[in-house]
Amino acid sequence: MAGFVEKLLNIDRRWLFLLVFAGVAVPIIMPMGLPVTTTGSTRSAFEFIDGLKPGDAVLISFDYGPSSAPENDPMAEGIMRQCFTKRIRVVICALYPLGGLQLANNSLAKVTAEFPHLKYGEDYVNLGFKDGAQAVMKRMGDDIVGAFPVDVRGTPLAQIPMMKEVRSLHQISVVVTIATGIIGEWWITQAHPQSGTPIIVGPTAVGAPKYYAYLNAGQLVGMLSGMKGAAEYEKLLAARYPDLGRFYRTTRAFTATKGMDAQTVIHFVIILFILIGNAAYMSHRAALRKAAAR
Amino acid sequence: MTHFPDLGTWIAALLTLFALSFLYKDNPLFRFTESLFAGVSLGYFLGTTLNQTLVPNLIKPLTHEFGQNWDLLVPGLLGVLLYMRYLPKGGWIARYALAIYVAYYIGLDFTRRLHGEVLPQLARAIVPLSTFNAHTFFVSLVFAVGVFSVLIYFFFSKEQDRVTRRVARVGIYFLMVSFGAAFGFTVMGRVALLIGRLNFLILDWIYPLLGVR
């Protein structure tokens, strides 16, 4: 027994990497369709957007980069699908310097291809990227054109029909910041007090705990926490809109719901590691004490 | 019809494998990928900032409608002044631009902190007694004990006595629960990244390579 415990404590950690690899790869190859339960913060975000009227404007800010795309992409795309299904106008911008714009372009192209009847400039617009997020938000509170004189294609905003009615954050019904790092916090602590525009945040799981303080203080109308939050949103979308339900059931593309299978398996594996590691450590310590007592 | 992976997919897949190879041990392929990533990121950032910020917000307004936008010369000049620090005797000039830059963000951040963090969080910490019921009483009690005990733990201006040490101990438990929650979320976040990469390797690279539909 003592020899086995000793072996466990000195196991090459690369074996653990291999187990984690297998724990993630197997559910991707053989999806299990494990159930996802929804939480209050995701439901309130969903219901808020669902309560908007056709023609209202939602700003989706891509404040993340490729490093957190598996968590954040499904959030942004889910919210876009909901808005487009309800004919809510969508304004896209990117304030994260390392890839935010590229991800915004990719997600927008992917989702608008599913809604071919929508027209650029009337139903949605892509403002592109702007550096200096805090200063940009400050300016958008008064005048969006001041911050974004042209859209991502170089068209002056004055020539874009939907932007004639959306002149500042005051005409935006809700800002959705899909965020990694601090930019999401700036929307809450700077743009919201300045313009009063409600905020929904979709942080990475790593960043989620700090946003609970803002959620509890009523500074957010909802939150999607990491991949789990995105999977919850997909579930709510599928339940409310039959077309989106069919889409999420049949798509071959990556969705957060599919990712949650691997999350569940890998969490089980990690909990098992923690239990085995602690049991081996305590057993080893008890053996040492016994030896010292002799 | 099967789609053989294109060149971009091959490059992305191989670079992913090179990056993950560090888990086995450090090697030249990993270091190549790391350096390439740093270089590409910097190039991307410079290109995007130039095309999306400097050109539409500074260069085009100045070159197309100078009469209406001449005031943009001031921030443009301040930006140029920042680079004076690279001149052997011009370092002091950069400080003026830096001082204005810092002053702007202090002003912006001061109101942001006050109206966006301090006041709303304080308001949330003071619960009106008129709306009390069993549930809010319990939640508010846990909340109040947590805030108070953690504040005592971080109060270093006076040496802790027997009573405050015990209160601080309660604060440590609250902190531990908070760290535990943060750790759990961090694990979930990191695993999500691995899921994203393996999803790409399996579905976008290996499956098409093997002709799996």
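1. **Ground rules.** Residues are numbered from 1 along each chain as its sequence is written, while chains are lettered from A and ligands numbered from 1 in the order in which they are written. Because the model is predicted, local features need pLDDT of at least 70 and side-chain atom pairs count only at pLDDT 80 or more, whereas totals for chains, interfaces and linings use all residues.

2. **Chain A overall.** Chain A has 12 helices and 6 strands (DSSP runs numbered from the N terminus: H or I of at least four residues for helices, E of at least two for strands). Along the principal axes, its C-alpha atoms fill a box of roughly 85 × 40 × 30 Å. Of its 294 residues, 46% count as buried (20 or more other C-beta atoms within 10 Å of the residue's own, with C-beta atoms placed from the backbone).

3. **The core.** The largest nonpolar core has 85 residues, and A:Val58, A:Ile60, A:Phe62 and A:Ile92 touch the most other members. Such a core is a set of buried Ala, Val, Leu, Ile, Met, Phe, Trp, Tyr and Cys residues joined through C-beta atoms within 7 Å. Beyond four places in sequence, the contacts of A:Phe62 include A:Ala76, A:Ile92, A:Tyr96 and A:Ile178 (contact: C-beta atoms, placed from the backbone, within 7 Å).

4. **A:Ala69.** This residue is found in helix H4 of chain A. Which residues does A:Ala69 contact, leaving aside its neighbours within four places in sequence? They are A:Leu103 and, across in chain B, B:Gly196. A:Ala69 is buried, with 22 other C-beta atoms within 10 Å.

5. **Chain A against chain B.** Here 44 residues of chain A are in contact with 36 residues of chain B. H2(A) gives the largest share of the chain A side, 6 residues. That side divides into 26 nonpolar, 12 polar and 6 charged residues (Ala, Val, Leu, Ile, Met, Phe, Trp, Tyr, Cys and Pro count as nonpolar, Asp, Glu, Lys and Arg as charged, and the others, Gly among them, as polar).

6. **A helix pair in chain B.** The axes of H6 (residues 134-153) and H7 (residues 162-210) of chain B come within 7 Å and cross at roughly 115 degrees; axes are lines fitted to C-alpha atoms over the stretch in contact, with angles running from 0 to 180 degrees between N-to-C directions. H6(B) and H7(B) are therefore roughly perpendicular to each other (65 to 115 degrees). Among the residues making the contact are B:Val145 and B:Tyr153 of H6(B), and B:Thr164 and B:Leu175 of H7(B). The contact residues divide into 10 nonpolar, 4 polar and no charged.

Technical notes
Angles under 35 degrees count as roughly parallel, over 145 as roughly antiparallel, 65 to 115 as roughly perpendicular and the rest as oblique. Two residues are in contact if their C-beta atoms, placed from the backbone, lie within 7 Å. A residue is buried if 20 or more other C-beta atoms lie within 10 Å of its own, exposed if 12 or fewer, and partly exposed in between; C-beta atoms are placed from the backbone.
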